[in-house]
Amino acid sequence: MVKITDVARHAGVSPSTVSYALSGKRPISEETRLRVQEAIRVLGYRPHAGARSLASSRSNVLALVVPLRAGIHVPVVMQFAVSVVTSARGHDHDVLLLTQEEGGDGLRRVADTALVDALIVMDVRLHDPRLPLLRSLDRPSVLIGFPAEPDGLTCIDLDFKAAGEVCVEHLVRLGHRVVALVGSPPEVYVRETGFAQRVVQGFTAAATRHGLSSSVHPCEATPAAARLVAEQLLRERPALTGVVVHNEPLLEPLIDAFESLGLRVPDDLSVTAICPDDLAARTRLPVTSVDVPSAEVGAGAVELLMRKLGGAGVPEATLLPPRLTERASTACRSLA
């Protein structure tokens, strides 16, 4: 590993002079500065993060706030986190991951320490208590998700309302008239998590628009809960022929439950989902789905932050349109 003393020896200066050239803490001649820069380039020296922060008044660290609350599906959340980290590294930034339930006080502590230059906040609620602080901070932030009132904030996400609508529209085109949404665990709705609420809004609006008989069923993310909700649906809605699933761990258990109750997918029941494409494609029966584009959203959040850090203007709202991929789990409604 190349050290600052190696750079000093190559440039013919003292280590303290190299430090001053990096930090700008004391003036040095242009000739000396250029010699130091050339030595850094030739030797491939990477300054310590502390030296970089002194030179730029920045830490080159972003905070990613991902409270691991009950009811969230951690593997999908981690896809977003990996995308943020990868994109941040492309901008020579590291990422500080905060997984506790950080309210306004917690975010204030992080911001006040100067540990981070900016924040990316996930698991956004419609009436999120963190919003007043985010609006008042002197550090830029981007939300992955949309609150009820996003004015004055920078938000990016999949258009989950449109995703719910697209799933219903697909079932309508196939002739289905009785549909149900098997949604996130109940606590996700109790918290008013934005993306879950918007899927319900889109699903309900599209079903009403097309005159469908529809219902919404929050569900715990367990095979036992999948069995119970399948039994409930067939008991209460015997004419059911279309289901939208917005609960990743339930996808395969729910199909198994319906089939064990005598319904063949897709001959008797069409199933669509809102979930990552890789999950939908690798189930025992590949599922028609709207992709959750974690890589695109995570990278987009970092790009927005970089532009804000650079003083550029950014749009307040970035909604990614839903993309539905047809697979083996949906078919025209049987008229038998």
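This is a predicted model: local features need pLDDT of at least 70, side-chain atom pairs count only at pLDDT 80 or more; totals for chains, interfaces and linings use all residues.
Residues are numbered from 1 along each chain as its sequence is written, and side-chain values use heavy atoms, with hydrogens and water left out.

We can start with Leu98, which sits in strand β2, residues 94-98 (strands are DSSP runs of E of at least two residues and helices runs of H or I of at least four, numbered from the N terminus). Leu98 is buried at a relative accessible area of 12%; buried means under 20%, exposed over 50% and partly exposed in between, with a 1.4 Å probe and protein chains only. Leaving aside residues up to four places away in sequence, Leu98 touches Ala63, Leu64, Val65, Val66, Pro67 and Val110, where contact means heavy atoms within 4.5 Å.

Turning to charged pairs, the model has 20 salt bridges, each a side-chain nitrogen of Lys or Arg within 4 Å of a carboxyl oxygen of Asp or Glu. Asp123 and Arg69 form one of them, at 2.5 Å from N to O. Asp123 lies in the loop between β3 (118-121) and α7 (131-136) and Arg69 in the loop between β1 (61-65) and α5 (74-90), so this pair ties together parts 54 residues apart in sequence. Both Asp123 and Arg69 are buried. By contrast, Arg89 and Asp92, bridged at 3.8 Å from N to O, are partly exposed, with Arg89 at 36% and Asp92 at 27% relative accessibility. Finally, a network of salt bridges links Lys161, Glu165, Glu169 and Arg209.
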